[in-house]
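Here's a quick tour of the charged side-chain contacts in this one. Have a look at the model first, then read on.

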Amino acid sequence: MKPKRLCNHAGCNTLVDYNQTYCSKHEPEAKKNLYDNYENRKKIGGKYFWFYKSKAWKNLSNQYRLKQPLCEACLQEGVIKAGNVRDHIMPIREDWSKRLDESNIQNLCHYHHNVKTRQERMKSK
Ligand SMILES: [Zn+2]
Ligand SMILES: [Zn+2]
């Protein structure tokens with residue numbers, strides 16, 4: 001006799017094969033939820049994800065680097081260091097309309113970009 005387990009659905013007492021998670025009644029439901037979550041995440045992250053891959057952003061980002069090749073945060077501390085990351089001063093998650101606004105862009109080195117990202121994450125908590 002094969003080992004059995006309880007269906008994972010809260011409150012369901014149906015026994016299913018050990019390698020299954022849900023009974024035949026609850027399995028379609030669980031799959032649908034999983035799929036919805038995935039689609040949702042793609043939608044939420046997608047807008048930003050695709051923006052950073054867009055031609056418009058890449059052009060602007062390259063143009064900006066030609067004008068300001070140095071890390072602006074380092075410059076403020078009197079340090080000359082190349083900037084590798086074009087960053088939105090006002091994050092586009094907070095103001096989507098400023099995504100291609102040149103006055104909202106700064107060039108940062110990896111160190112300062114990480115610092116800023118960390119600060120933004122702490123703020124959003
Ligand atoms: Zn069930
Ligand atoms: Zn820097």
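Which residue forms a salt bridge with lysine 67? The partner is glutamate 102, with the closest N and O atoms 2.5 Å apart. Bear in mind that this is a predicted model.

Lysine 67 sits in helix 2 (residues 55-67), while glutamate 102 is in the loop between strand 3 (85-88) and strand 4 (105-108), so the contact ties together parts that are 35 residues apart in sequence. As for solvent, lysine 67 is exposed at 57% relative accessible area, and glutamate 102 counts as partly exposed at 31%.

## Strand 1 to strand 2

Next up, lysine 4 and aspartate 17 meet through their side chains in a salt bridge, 3.1 Å from N to O. Lysine 4 belongs to strand 1 (residues 4-6) and aspartate 17 to strand 2 (residues 15-17), so this pair links parts 13 residues apart in sequence.

Both ends get some solvent: lysine 4 is partly exposed with a relative accessible area of 43%, and aspartate 17 is partly exposed at 25%.

Lysine 116 is buried, because its relative accessible area of 13% is under the 20% cut-off.

## The tally

In total, the model has six salt bridges.

Key
Residues are numbered from 1 along each chain as its sequence is written. Chains are lettered from A and ligands numbered from 1 in the order in which they are written. This is a predicted model: local features need pLDDT of at least 70, side-chain atom pairs count only at pLDDT 80 or more; totals for chains, interfaces and linings use all residues. Side-chain values use heavy atoms; hydrogens and water are left out. A salt bridge is a side-chain nitrogen of Lys or Arg within 4 Å of a carboxyl oxygen of Asp or Glu. Helices (H or I, at least four residues) and strands (E, at least two) are DSSP runs, numbered from the N terminus. Buried means under 20% relative accessible area, exposed over 50%, partly exposed in between (1.4 Å probe, protein chains only).
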